[in-house]
Number of protein chains: 2
Amino acid sequence: MASGTKNNDKKDRILDAAVRVFARNGFFNSKVSEIAKEANVADGTIYLYFKSKDDILISLFEEKMSQIILQMTENLRGVSDPREKLRICIRTHLEIMKENHDLAVVITVELRQSAKFMKEYDNRPFSRYLKILSDILQEGKQSRVFRADLTPGMLARALFGMLDELSLWLVMGAAKNKVDWNKAHKELTEFFLRAVSPGEPTQQENSVPDSR
Amino acid sequence: MASGTKNNDKKDRILDAAVRVFARNGFFNSKVSEIAKEANVADGTIYLYFKSKDDILISLFEEKMSQIILQMTENLRGVSDPREKLRICIRTHLEIMKENHDLAVVITVELRQSAKFMKEYDNRPFSRYLKILSDILQEGKQSRVFRADLTPGMLARALFGMLDELSLWLVMGAAKNKVDWNKAHKELTEFFLRAVSPGEPTQQENSVPDSR
């Protein structure tokens, strides 16, 4: 089956096949031979492009995160209002998850299955993703569109946590008949923008006891 | 080593040992025999209490989630203001994660490693946890302390996503020298309360394009 020709088409075909196999069987239960079969290449062909199953997962994540980042960057072009920028980032994240069910499963569930990945891998695409969000928060903070007391890096992470959890929820079908993506998208956008907008602190803020 | 006596002490000892082993080696790389060694019991003893490694993970999760829920319920006793209740839930979640590093690793990272767990297990303790949060949101919505247009179930999930992601961030040490738990706790509380408080919608809300 394998032509032996190294080309990006074949590499892409293997990555696309891996998304489907990981989504179907889970990362740990998936075998390289299954990915080869799904991609219609010989087992050995996989090893021309990837060192291991872990390596496939990392390549997959990097490629797909790069797509998300590229899409976000494109959608942000020409936009100057940090609030509108945040709306665009939230919409882009949820739309990509919505349109690619298997990818969403891999990113929200399977990625976390590799302890190696979580602990040892210097997760650059994820850092770039977070930087887009925290730069927008920083910009809005400086131009006083957002609150002066917010911590951009932490809130970027918090926003990712919300988007990731809600994508997981929507993707796993638990909420299939309860909440639609459109509603989730609108509510989450409003929720996040309210939280970062300037204004009086919430009542009784001072009554929050210190964390022990 | 095993006395053969079935008692909760021994079961607890096995569960505590499992937390340490899973946190250290990751769920998939951990062997039942390592847990037995760590708990100072014979391998066979484990199977008196648990069917499999998956079963240990599920028991662990159920027991620890029950502890979190119990602690939240205790802390909420006598409190009537939904805003204060939310503050208490956020504080309780972060404090328990902060005080139990290994548990936090298991809950935030390792739990997601069992595709079986994620897909097949009817996650009742997690549902109970979410219900505490969504009931508070519902209550605040009815008493007009919170916005009338919020969806309690979805925002409970969003709040969990933020808390889980920030716990992971803090626990993994990535932010060891950048943000402290105290600051994270205060900022997250303020963030969430602002987002659910009533008031004018954010400017340009109507300019949010529909999700395609």
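From the N terminus on, chain A runs α-α-α-α-α-α-α-α-α-α. That comes to 10 helices and zero strands, where helices (H or I, at least four residues) and strands (E, at least two) are DSSP runs numbered from the N terminus. Keep in mind that this is a predicted model: local features need pLDDT of at least 70, side-chain atom pairs count only at pLDDT 80 or more, and totals for chains, interfaces and linings use all residues. Residues are numbered from 1 along each chain as its sequence is written, while chains are lettered from A and ligands numbered from 1 in the order in which they are written.

**How confident is the predictor?**
- Chain A has a mean pLDDT of 80, and 79% of its residues reach 70 or more; pLDDT is the predictor's confidence in each residue, from 0 to 100.
- For the complex, the predictor gives an ipTM of 0.76 and a pTM of 0.79.

**Domains and contacts in chain A**
- Chain A is split into domain 1 (1–50) and domain 2 (58–197), with bounds from an automatic or database domain assignment.
- Where the two domains of chain A touch, domain 1 gives 10 residues and domain 2 gives 10 residues; a contact means that the C-beta atoms of two residues, placed from the backbone, lie within 7 Å.
- The domain 1 side has eight nonpolar, one polar and one charged residues. Here Ala, Val, Leu, Ile, Met, Phe, Trp, Tyr, Cys and Pro count as nonpolar, Asp, Glu, Lys and Arg as charged, and the others, Gly among them, as polar.
- Of the contacts in chain A between residues at least 6 apart in sequence, 68% join residues at least 24 apart.

**What's inside**
- Of chain A's 212 residues, 42% count as buried. The cut-offs go by other C-beta atoms within 10 Å of a residue's own, placed from the backbone: 20 or more is buried, 12 or fewer is exposed, and in between is partly exposed.
- The largest nonpolar core has 114 residues, and A:Phe192 and B:Phe192 have the most contacts inside it. Such a core is a set of buried Ala, Val, Leu, Ile, Met, Phe, Trp, Tyr and Cys residues joined through C-beta atoms within 7 Å.
- Leaving aside neighbours within four places in sequence, A:Phe192 is in contact with A:Leu86, A:Ile90, A:Leu159 and B:Ala195.
- In chain B, helix H10 (residues 181–196) has buried residues including B:Leu188, B:Phe192 and B:Ala195.
- The buried residues of H10(B) pack against H9 and H10 of chain A, together with H5, H8 and H9 of chain B.

**Out in the loops**
- A:Arg144 is in the loop between helix H8 (124–142) and helix H9 (152–171) of chain A. A:Arg144 counts as exposed because it has 9 C-beta neighbours inside 10 Å.
- Phi of A:Arg144 is near 65°, a positive value in a residue other than glycine.
- B:Val79 is in the loop between helix H4 (53–76) and helix H5 (82–99) of chain B. With 13 other C-beta atoms within 10 Å, B:Val79 is partly exposed.
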